[in-house]
Amino acid sequence: GGLPFVLVRQVAQSNPTDSGLYRLTASGNVDPTYGTGGSVRLFPPAASQAQDSFLRRFVALPTGELLFVGDMRKPFPNDQSQIQLMRTDLAGNLDPTFNGSGHSTATPAPGADFRTKSVAVRGNDNIYVAGSEGLYAPVGDSSLMLARFDYDGPLDTNFQQGGFRVQSVGPGTHSQFRKLLYLPGIDRLVAAGFSNKNGNFD
């Protein structure tokens with residue numbers, strides 16, 4: 001009994017990789033009435049299916065929909081990644097009112113490698129995505145990354161530099177936001193993460 005829970009899983013078929021949902025009952029059992037055997041596959045729109053799709057975090061929205069964030073990347077050797085967002089109903093169907101397709105992608109720098117680690121929703125106005133951005137040269141460098149999207153999916157290009165805030169902590173440093181929270185009472189974001197240089201963490 002009780003409300004169902006939805007978990008994200010990675011589905012590694014041959015190539016490319018996509019993602020899916022499991023729904024569990026409140027007692028922790030797979031809900032066989034959901035999708036096929038308790039799970040639903042999540043596919044990006046056809047134009048994006050040539051890329052590996054990883055959904056890493058999700059939040060339940062007050063409207064009853066689910067918002068997923070992650071990244072997409074072209075298979076090796078053309079490793080380039082994009083931030084991706086996907087909005088579905090509870091049955092796993094893409095919401096066509098979200099960016100016109102249920103799916104939204106963005107990238108601030110060609111050839112960059114993105115890792116999306118957290119999402120926060122500011123009422124019905126904005127979606128914030130946090131993680132890291134790292135260029136392949138020099139290897140090992142990555143910067144703190146924060147992006148803002150409109151609630152209905154498009155990247156908010158009025159935010160910082162074309163929709164992104166990318167902050168380097170220093171050369172040779174690997175930095176990443178891991179958790180992002182929105183505090184509605186004071187209308188502020190709180191972000192937590194780490195920096196690592198030569199094995200030393202801050």
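Strands here are DSSP runs of E with at least two residues, and helices are runs of H or I with at least four, numbered from the N terminus. The structure is a predicted model, so local features need pLDDT of at least 70 and side-chain atom pairs count only at pLDDT 80 or more, while totals for chains, interfaces and linings use all residues. Residues are numbered from 1 along each chain as its sequence is written, and side-chain values use heavy atoms, with hydrogens and water left out.

Ile 186 sits in the loop between β12 (174-183) and β13 (188-197). With a relative accessible area of 55%, Ile 186 is exposed (over 50%; buried is under 20% and partly exposed in between, with a 1.4 Å probe and protein chains only).

Now for the charges. A salt bridge puts a side-chain nitrogen of Lys or Arg within 4 Å of a carboxyl oxygen of Asp or Glu, and the count comes to 7. Asp 187 is partly exposed at 33%, and Arg 122 is partly exposed at 22%.

Another salt bridge ties Asp 152 to Arg 87, at 3.8 Å between the closest N and O atoms. Asp 152 is partly exposed at 42%, whereas Arg 87 is buried at 4%. Arg 148 and Asp 156 also pair up, at 2.7 Å, and both are buried. Shared partners join Glu 65, Arg 87, Asp 95 and Asp 152 into one salt-bridge network.
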